[in-house]
Amino acid sequence: MEAVLDQRALVLNRSWVPIDTTTVRRAMVWLCQGVAKVVEPETYEVHDFQSWSELSAARRDGPCLHTVSLSIRVPEVMMLTGYNGVPRKEVVFSRRNLYKRDGYTCQYCGTQPGSEELTIDHVLPKAQGGKSTWDNCVLACVECNKRKANRTPFQARMRLAKAPVRPKWHPLIALKVGRVRRCWERFISEIYWDTPLVPE
Ligand SMILES: [Zn+2]
């Protein structure tokens, strides 16, 4: 029982957009409170506590939670009936995301030598007080990084392809891929697979 309650359920907003995951324990609380409904992942039927109990009693398949008086199927996908937002998470500043933002391309000479030959360049060098942030870090090939050394692009007479900024992707959920359940897949869009995984 303990393990089942700790399993994850996918959480959709009212527009069927996946926004998070939660524990089966909390999903059941929401269902009882009426703030969320269960989505049957095969049929897309949406059930409140009453109809989900009835369906559980009728079908008697899949993992169930048992109480003294009833047996109810474990919800795998929940929809928050009163919430239509998409929580925005900022894109994690990570090596992986920086490579992705810059398209595995040296931002000075435009070569794509492969990730092994790319380095992270501080536009305003650390030695001059430059920080490790989205707007101060770019990919540079080994050659360009060597050439630029501890200088600004201006000082080194090198031109950036574009001004570095934080990417405008909107990671919807960040969870370990190992925890994605098969029945969630149809609810999860392409954007999900581009989401940075945690921990980086
Ligand atoms: Zn280069």
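Student: In which loop is Gln7 found?
Tutor: This is a predicted model, so local features need a pLDDT of at least 70 and side-chain atom pairs count only at pLDDT 80 or more, whereas totals for chains, interfaces and linings use all residues. Residues are numbered from 1 along each chain as its sequence is written, and side-chain values use heavy atoms, with hydrogens and water left out. Helices (H or I, at least four residues) and strands (E, at least two) are DSSP runs numbered from the N terminus, and Gln7 falls in the loop between H1 and strand E1 (8–12).

Student: Which residues does Gln7 touch, not counting those up to four places away in sequence?
Tutor: Gln7 is partly exposed, at a relative accessible area of 28%, where buried means under 20%, exposed over 50% and partly exposed in between (1.4 Å probe, protein chains only). The C-alpha atom of Gln7 is separated by 8.2 Å from that of Thr22, which is 15 residues away along the chain. With contact taken as heavy atoms within 4.5 Å, and residues up to four places away not counted, Gln7 touches Thr22, Thr23, Val24, Val74 and Arg181.

Student: What share of the contacts in the protein chain with a separation of 6 or more comes from residues 24 or more positions apart?
Tutor: The protein chain has seven helices and nine strands, and buried residues make up 40% of its 200 residues. Among contacts with a separation of 6 or more, the share from residues 24 or more positions apart is 58%.

Student: How many salt bridges are there?
Tutor: Side chains of opposite charge can pair when their charged atoms come close, and the rule for a salt bridge is a side-chain nitrogen of Lys or Arg within 4 Å of a carboxyl oxygen of Asp or Glu. By this rule the count comes to five.

Student: How many residues apart are Asp6 and Arg25, whose side chains meet in a salt bridge?
Tutor: The salt bridge between Asp6 and Arg25 has an N to O distance of 2.8 Å. This pair links distant parts of the chain, since Asp6 is in helix H1 (residues 2–6) and Arg25 in helix H2 (residues 24–33), 19 residues apart. Asp6 is partly exposed at 39% relative accessibility, and Arg25 is partly exposed at 34%, while the spacing asked for is 19 residues.

Student: With which residue does Asp121 form a salt bridge?
Tutor: Asp121 is buried, with a relative accessible area of 3%, and its salt-bridge partner, at 3.1 Å between the closest N and O atoms, is Lys148. Asp121 lies in strand E8 and Lys148 in helix H5, so the pair ties together parts that are 27 residues apart in sequence. Leaving aside neighbours within four places in sequence, Asp121 is in contact with residues including Tyr108, Asn136 and Asn145, and the salt-bridge partner asked for is Lys148.

Student: What arrangement do the four donor atoms around the zinc ion have?
Tutor: Donors are N, O and S atoms within 2.8 Å of the metal (3.2 Å for Na, K and Ca), and water is not among the atoms, so sites may look incomplete. Here the protein donors are Cys106 (SG), Cys109 (SG), Cys141 (SG) and Cys144 (SG), lying 2.2 to 2.3 Å from the zinc ion. Four donors count as tetrahedral if all angles lie between 85 and 135 degrees. Because the angles run from 103 to 116 degrees, the arrangement is tetrahedral.

Student: Is Cys144 buried or exposed?
Tutor: The donor residues of the zinc ion are spaced C-x2-C-x31-C-x2-C in sequence. Cys109, in the loop between helix H4 (95–101) and strand E8 (118–122), and Cys144, in helix H5 (residues 142–148), are 35 residues apart and link distant parts of the chain. Cys109 is partly exposed, with a relative accessible area of 41%, whereas Cys144, at 6%, is buried.

Student: Near what value is phi of Trp16?
Tutor: Most residues other than glycine have a negative phi. Trp16, in the loop between E1 and strand E2 (18–23), is partly exposed at 34% relative accessibility. Its phi is positive in a residue other than glycine, near 70 degrees.

Conventions
Tetrahedral: all angles 85-135°; square planar, octahedral: opposite > 155°, others 65-115°.
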